[in-house]
Amino acid sequence: QNIHQADGFDNYTIFSLWDTYRAEHPLLMLMFPKQAAHMAQSMLRHQQQSVHGLLPIWSHMANDNWCMSGYHAVSVLSDALVKGADINAEEALEAMTATSNVTYFDGIEHYIRLGYVPFDRNGTAASTTLEYAYDDWAIYSAAMKAGDSDIAEKYRKRAMNYRNVFDMSTGFARPKYSDGSFKKNFDPMQTSGEGFIEGNSWNFSFHVPHDVAGLIDIMGGDKKFVERIDSLFAMHLPPECYADNEDVTEDCLIGGYVHGNEPSHHIPYLYAWTSQPWKTQYWVREVMNRMYKNHIRGLSGNDDCGQMSAWYIFTAMGFYPVCPGTDQYVLGAPYMPYMKVSLPNGKSLEIKAPGVSDKNRYVKSVMLNGTPYDKLYLTHDDIMAGGVLEFQMASSPSKKRGLKASQKPYSLSNAM
């Protein structure tokens, strides 16, 4: 409630971070890096001016309304640092680590002590643990970028806390009590009262964007992981499972996959880590067709300050930032035959997919500036260098493309 003066940057507010860290802020970092850097500076000043020493949770007219869970400003700062934003790395790390250790905030004391947020202390304990683990990975990534090995190692260990809420017998995330026991009578379909915020275990169990390879192991290996995603898209989610959840409605569902709310947005891209990456190409087009319409209810859910729209823009281009804080964008397939992206450095990226359609939705091959490209991700530098990204499309999937370990996107387990 005090008056402050921004020095050397434009001050921004209205950060719906639980939503926007996923794609909206990465899109701004890609297309409007100057403004994105100013937003990062605004978050740092928020932390320095806060009586709690916390980065914004949901910055609302220069205050905080404490909406949702996690401390996702660390994701935005980490992504900005990794992608070369003009912000002070030491200052950012100080703000990030301070935020992650405010022990009275939303179960952090128990999370640090136990390695998870206990359900008897927090009604969204399981999803909050998963979110904290990713955020801690983001701090690890920023520390690696800054060359601070001590902070990096501390937060690498914390980033593995996601494992502590998985029931290894089922492969589902499940809330735990302080004594280490799992919640009894657990329903992974139910979105209310089961330890998850605005979602259920079927969707939130995939929320380990920083270590998909490790998640695949937890779920029983490649075959079972693919079957789990397949089942999510194919299943029927009974209305009673979301009757008390205003953010999950019938028109935002594809099977049990919830596109109208943000925690699921990366799931169609997770096939890239498996033996069947072509399924990403099938499902992203399904989501585009079913969840984005040209009428008054054109979005399948709340745009949430731009996240739903940012997902659309990235997916239309043919790639998506599954794990902000890496420099990688996971490849899907372009939605349109031609796009030209004007980049802030004066270069442009032409994205060509001649003949792409609902029928020809599968990627047969990719060329980057005339050279065959076999990885299932692009880097930030690849995009910023500009040029031509061309997809050869087909009506049937290429089932041998992108299967080598060297072609897969980042996972923490594989990087250790």
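I began with Phe 186, which is buried at a relative accessible area of 16%. The model I am reading is predicted.

Entry 1, aromatic pairs. I searched the whole structure for ring pairs and found 24 aromatic pairs. One of them joins Phe 186 and Phe 196; the pair is tilted, with 6.4 Å centre to centre and 40° between the planes. I located both residues in the loop between β4 and α9, so this pair ties together parts that are ten residues apart in sequence. Phe 196 is also buried, with a relative accessible area of 5%.

I then turned to Trp 278 and Tyr 362. Their ring centres lie 6.1 Å apart and their planes stand at 65°, so I recorded the pair as edge-to-face. This pair links distant parts of the chain: Trp 278 belongs to helix α12 (residues 278-291) and Tyr 362 to strand β11 (residues 362-368), 84 residues apart.

I found Arg 22 over the face of Trp 18, at 5.0 Å from the ring centre. Arg 228 lies over the face of Phe 172, at 4.0 Å from the ring centre.

I looked up two residues other than glycine. Met 68 has a positive phi of about 75° and sits in the loop between β2 (63-64) and α4 (73-82). Asn 185 has a phi near 50° and lies in the loop between β4 (172-173) and α9 (201-204). Which of these is buried and which is exposed? Met 68 is buried, with a relative accessible area of 16%, whereas Asn 185 is exposed at 74%.

I followed the side chains along strand β9 (residues 338-342) and saw them alternate. Strand β10 (residues 348-352) pairs with β9 in the antiparallel sense, over five bridges. I identified Ser 348 in β10 as the bridge partner of Ser 342. Five residues stand between the two strands, and Gly 346 in this hairpin takes a positive phi near 90°.

Terms used. Residues numbered from 1 in each chain as written. Predicted model: local features only at pLDDT ≥ 70, side-chain atom pairs only at ≥ 80, totals over all residues. Heavy atoms only, no water. Buried < 20%, exposed > 50% of the residue type's maximum accessible area, 1.4 Å probe, protein only. Helix = DSSP H or I, 4+ residues; strand = E, 2+ residues; numbered from the N terminus. Pairing = 2+ DSSP bridges. Phe/Tyr/Trp six-rings, centres within 6.5 Å; stacked < 30°, edge-to-face > 60°. Lys NZ or Arg CZ within 6 Å of the ring centre and 35° of its normal.
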